[in-house]
Amino acid sequence: MKFMTSTVFSPRLRNLALVAGMALLPLASGSAQEQKPALDTASQAEIQQFCTSIADPARDQRYLLQKQELEKLQADVDQRIAVLEQRRAEYEDWLTQRNAFMKQAEGNLVEIYKKMKADAAAPQLQEVNPLLAAAIIMKLPARQSSLILSEMEAEKAAMVAAIMSSAADPNTSKDPS
């Protein structure tokens, strides 16, 4: 056992060895038959006393080991939380940069379509995502938007117009589902 030290328990061990030696002495003399029950009781009592006396230190040692294990686990959890916080900060930074780029790109994209003729812009806008096409067309002047929609295929133009009308409706839920 790791928690026992020779300085704390050596007198008890010495007493236990003396009791064991005294138990063997009658066997050598031949009168062990009469004294054996008394010695067994004495050694049992000594063993019981020894076990009782080390129960509290053993429990304390167990608690100490459990506490150390919990502290180790807590340190591991804290380290993982720190890594997650760092990654979250990196992600937020990336997202901020991406959103800034998208905002700039969207503004530039609207400017590009604003300078295009309707018959050239319509085929391109009907090939992109209808939500993006609707967002671009909504930012264009009304005259140019109507020309682009008239140049698009009827089905695509209707889809874009439906998206634009639902975006302009104040009763439309923000949740697209």
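**Figure 1. Contacts of Met 152 in the predicted model.** In this predicted model, Met 152 is in contact with Ala 122, Leu 125, Gln 126, Ile 137, Ala 157 and Val 160, leaving aside neighbours within four places in sequence. Met 152 also belongs to the residues with the most contacts inside the largest nonpolar core, and Met 152 is one of the residues that line the largest cavity.

Figure 2. Gln 126 sits in helix H3, which spans residues 118–127. Its relative accessibility is 12%, so Gln 126 counts as buried, the limit being under 20%. When residues up to four places away in sequence are not counted, Gln 126 touches Met 152, Glu 153 and Lys 156. Among these, Met 152 and Lys 156 line the largest cavity, as does Gln 126 itself.

Figure 3. One cavity of 30 Å³ or more turns up in a search of the whole structure. The largest cavity holds about 40 Å³ of space. Its lining consists of Leu 125, Gln 126, Val 128, Asn 129, Pro 130, Ala 133, Met 152, Lys 156 and Val 160. By type, six of the lining residues are nonpolar, two are polar and one is charged. At least two lining residues come from each of helix H3 (118–127), helix H4 (130–139) and helix H6 (154–168).

**Figure 4. The largest nonpolar core.** The largest nonpolar core is made up of 18 residues. Tyr 113, Leu 125, Ile 137, Ile 148, Met 152 and Val 160 have the most contacts inside this core. Two or more core residues are given by each of helix H2 (32–115), H3, H4, helix H5 (142–151) and H6. In soluble globular proteins, nonpolar side chains tend to be buried together.

**Figure 5. The chain as a setting for the close-ups.** The chain contains six helices and zero strands, and along the sequence the pattern reads α-α-α-α-α-α. Of its 177 residues, 15% count as buried. Among contacts between residues at least 6 apart in sequence, 65% join residues at least 24 apart. The accessible surface of the chain is about 13,800 Å², and carbon and sulfur atoms account for 59% of that surface.

Terms used:
Residues numbered from 1 in each chain as written. Predicted model: local features only at pLDDT ≥ 70, side-chain atom pairs only at ≥ 80, totals over all residues. Heavy atoms only, no water. 1 Å grid on protein atoms, 1.4 Å probe; cavity = no way out; pocket = protein on both sides within 12 Å on 5 of 7 lines; lining within 4 Å. Points joined across faces, edges and corners; volume = space filled by probe spheres on them. Helix = DSSP H or I, 4+ residues; strand = E, 2+ residues; numbered from the N terminus. Nonpolar A, V, L, I, M, F, W, Y, C, P; charged D, E, K, R; others polar. Buried < 20%, exposed > 50% of the residue type's maximum accessible area, 1.4 Å probe, protein only. Contact = heavy atoms within 4.5 Å. Areas by Shrake-Rupley, 256 points an atom, 1.4 Å probe, with all protein chains shown as cover. Core = buried A, V, L, I, M, F, W, Y, C linked by side-chain atoms within 4.5 Å.
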